[in-house]
Amino acid sequence: MKQKISRRNFIKWGSLASGSVALAGSAVAGYEAGKDTSSNTGWEREKYGDGQFFNRKPFETDEAVHDIQGATRRINYEENIFNRNRELFKLIYNKEEEQRWAFSDGIEKLPEPIKSYYQAHPEALSEYELSLERAKQQRVNWKDVKEKYILADAWSAAHASALYGKHGARFPDEPTSPPEEWDFRGIKHQQLPFKTPKHASELIKKIAYSFGATLVGITKLNPDWVYQGKLRGVGKTKFEVPKHWKYAIVFAVPHEWDSMYANPTYGSSYDAYSKLRWISGKLDAFIRHIGYAARPHIPPTSYEVIIPPLAVDAGLGELGRNGIVITPELGANTRIAAITTNIELEPDKPIKVGIREFCNKCKICADTCPSGAISFDDEPNQIIRGYKRWRINQDKCLTVWNTVATSHSRGCRVCLAVCPYSRKNNWIHTLARELDPRDPTGAVSTAMLAMQKSFFEYPDAHEFLPEPDGSNATYHNGPEWLRSEEWCDFNNNWE
Amino acid sequence: MLLQSTIFGPLFWMLQGILLFTFVIGLHYYFKDKNIELTIPKWLLIITYWLTINLTIAAGFTLIGEDESRAGIYFLGFFSVTLIIIGVVLRRFILKVK
Ligand code: SF4
Ligand code: SF4
């Protein structure tokens with residue numbers, strides 16, 4: 001009898017103990033889900049297109065997704081920060097002394113169109129002067145931090161080589177003739193007769209996925225998103241939007257996740273952009289091979305269209321407070337390029353998944369931005385070329401690019417990393433992704449945001465800067481494969 | 001990665017299933033020995049509570065696995081306290097309500 005009872009007790013307590021082992025198992029399963037690199041969206045071991053896992057159908061909208069306020073217009077060449085800074089840079093460092101311009105010469109001595117621009121925005125000119133000063137200091141600082149960040153710098157340079165190939169190795173080629181010629185070059189075959197525009201869209205998306213795109217959407221090209229004042233292959237000129245730029249195929253990839261989380265220093269803008277070049281070049285060739293016109297638009301060097309609003313129109317996501325298109329899958333870790341084409345395509349609809357409303361409450365990117373470039377306004381309240389949205393002070397942003405601990409100005413991207421939407425595709429984050437847009441009360445987003453702000457750790461904005469203002473902080477630690485101390489025989493005096 | 005391993009991944013989940021099953025058997029004997037009758041709703045509450053504990057632990061450790069250790073630990077701390085309070089209320093309910 002006694003033996004019978006103890007056996008029963010043994011089974012009872014043993015079985016109950018197995019519950020504790022199961023709890024430990026849950027901890028292991030959770031930990032592995034967090035570590036699992038195949039949950040890095042866009043890098044999964046899945047079939048083509050599975051990275052675009054969020055079902056957009058229930059969130060498609062016919063409502064306007066851009067808040068139009070009065071007359072709208074195209075963006076001028078000089079309104080792009082890279083264009084106007086390039087123009088200024090050429091003047092400041094001109095080889096011909098008599099053509100040189102110095103800040104002391106004043107705005108009046110600048111040539112058009114940048115003269116008018118700076119007359120209207122004199123603060124942008126002083127910010128650029130500060131930015132150039134910071135760039136000089138950045139080169140000096142680099143000597144002190146070079147050993148620590150040498151691998152990250154080399155990794156970024158390797159990716160950049162696909163963008164700035166100095167030996168004719170650039171792919172795809174830059175246009176050298178007007179779009180009416182260039183976009184049709186080499187077309188030998190008759191236009192492939194698609195059964196319907198829907199078939200054409202579906203095929204093009206599959207092909208784009210097969211070339212490595214994580215997300216693909218299609219939209220009619222809104223002419224307001226086309227730059228004015230310079231056309232690749234033609235030069236500086238006013239131009240009408242070419243008639244064959246009817247549709248835009250818009251596609252996105254993420255940055256490598258672990259280096260992105262270690263912005264501003266370990267990450268690179270070029271890993272995603274070089275990938276986009278490959279996808280764009282191949283898709284361009286494919287489209288022309290089936291008889292249609294194609295023209296890739298690939299930031300940060302080769303484009304005539306403003307990519308973010310195009311991506312919003314194509315249903316990839318919504319515009320965030322940080323000026324980046326936030327997509328349900330990739331969050332702010334979304335880099336985008338487009339191809340304009342004359343294939344008759346079926347466009348996608350824009351989506352509303354509550355990102356705008358979340359941004360109204362969140363402001364994490366504004367809090368952590370080391371330049372103060374991101375607006376703290378509760379609602380978008382700046383009218384930019386007839387569209388109401390949050391304004392990013394790009395000039396201030398660039399100054400930080402020229403300040404952080406990198407060898408040269410190659411970006412910051414802290415606002416991508418800290419965004420609560422930039423989360424991997426594992427069970428907890430995907431649960432949040434799916435629940436929040438379906439919650440009409442906003443309770444889910446309020447709870448998520450409360451957890452985000454009280455549980456997660458963010459360095460103070462100034463900590464991303466070098467001494468004496470900060471400590472060269474990165475959002476997360478650099479991945480071990482980019483940490484010099486793991487691989488190189490250095491003195492390690494930075495530890 | 002253990003769970004990505006072709007051999008250990010499926011074995012791990014089988015083991016988890018077995019452990020959960022034996023745990024339920026253990027609970028059955030435990031309540032029987034205490035002369036507490038478990039109705040179906042009570043069983044459902046207990047299992048739901050148990051799964052919630054598992055999910056909470058898994059979620060906390062997912063954050064830790066993602067290098068968000070502070071968030072993981074705070075998450076576990078906050079929800080452990082919440083779950084302990086719920087557990088105490090649940091125990092009273094199970095013992096008191098016939
Ligand atoms: S890139 Fe850096 S400086 Fe620029 S807006 Fe984002 S966080 Fe601010
Ligand atoms: S960090 Fe917050 S406010 Fe900024 S873009 Fe992301 S969700 Fe919007």
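## Close-up views of a predicted model

With a relative accessibility of 43%, A:E486 falls in the partly exposed class. Its side chain meets that of A:R483 in a salt bridge, with 3.1 Å from N to O. Do keep in mind, here and in every view below, that this is a predicted model. Pairs of this kind can form when oppositely charged side chains bring their charged atoms close. Across all chains, a search of the whole structure finds 29 salt bridges.

A:K35 is partly exposed, its relative accessible area being 31%.

A:D183 and A:R295 form a salt bridge whose closest N and O atoms are 2.8 Å apart. The partners are 112 residues apart: A:D183 lies in the loop between α5 (179–182) and α6 (197–210) of chain A, and A:R295 in strand β6 (residues 294–297) of chain A. Widen the view and you meet one network, in which salt bridges with shared partners join A:E174, A:D183, A:R232, A:R277, A:R295 and A:E304.

**Helix α12 of chain A and its cover.** In this helix, residues 394–401, the side to look for holds A:D395, A:L398, A:T399 and A:V400, which are buried. What covers these buried residues of α12(A)? The cover includes α2 (81–92) and α4 (122–160) of chain A. At the start of α12(A), look for A:N393, where a side-chain oxygen comes within 3.2 Å of the backbone nitrogen of A:D395. A:D395 is also one of the buried residues of the helix.

Ligand 2 takes up the space of the largest cavity. Around ligand 2 you will find A:R321, A:N322, A:I326, A:F358, A:C359, A:C362, A:K363, A:C365, A:C419, A:P420 and A:Y421. Which helix gives the largest share of this shell? Helix α10 (residues 355–362) of chain A does, with 3 residues.

Notes: Residues are numbered from 1 along each chain as its sequence is written. Chains are lettered from A and ligands numbered from 1 in the order in which they are written. This is a predicted model: local features need pLDDT of at least 70, side-chain atom pairs count only at pLDDT 80 or more; totals for chains, interfaces and linings use all residues. Side-chain values use heavy atoms; hydrogens and water are left out. A salt bridge is a side-chain nitrogen of Lys or Arg within 4 Å of a carboxyl oxygen of Asp or Glu. Buried means under 20% relative accessible area, exposed over 50%, partly exposed in between (1.4 Å probe, protein chains only). Helices (H or I, at least four residues) and strands (E, at least two) are DSSP runs, numbered from the N terminus. Contact means heavy atoms within 4.5 Å. A polar contact is a pair of N or O atoms within 3.5 Å; within protein, one must be able to donate a hydrogen and the other to accept it, and residues adjacent in sequence count only if both atoms are side-chain atoms. A residue is near a molecule or strand if one of its heavy atoms lies within 4 Å of it. On a 1 Å grid over the protein atoms alone, a cavity is a set of points where a 1.4 Å probe fits but cannot get out, and a pocket is an open set with protein on both sides within 12 Å along at least five of seven lines; lining residues have an atom within 4 Å of a point. A molecule sits in a cavity or pocket if more than half of its atoms lie within 2 Å of its grid points.
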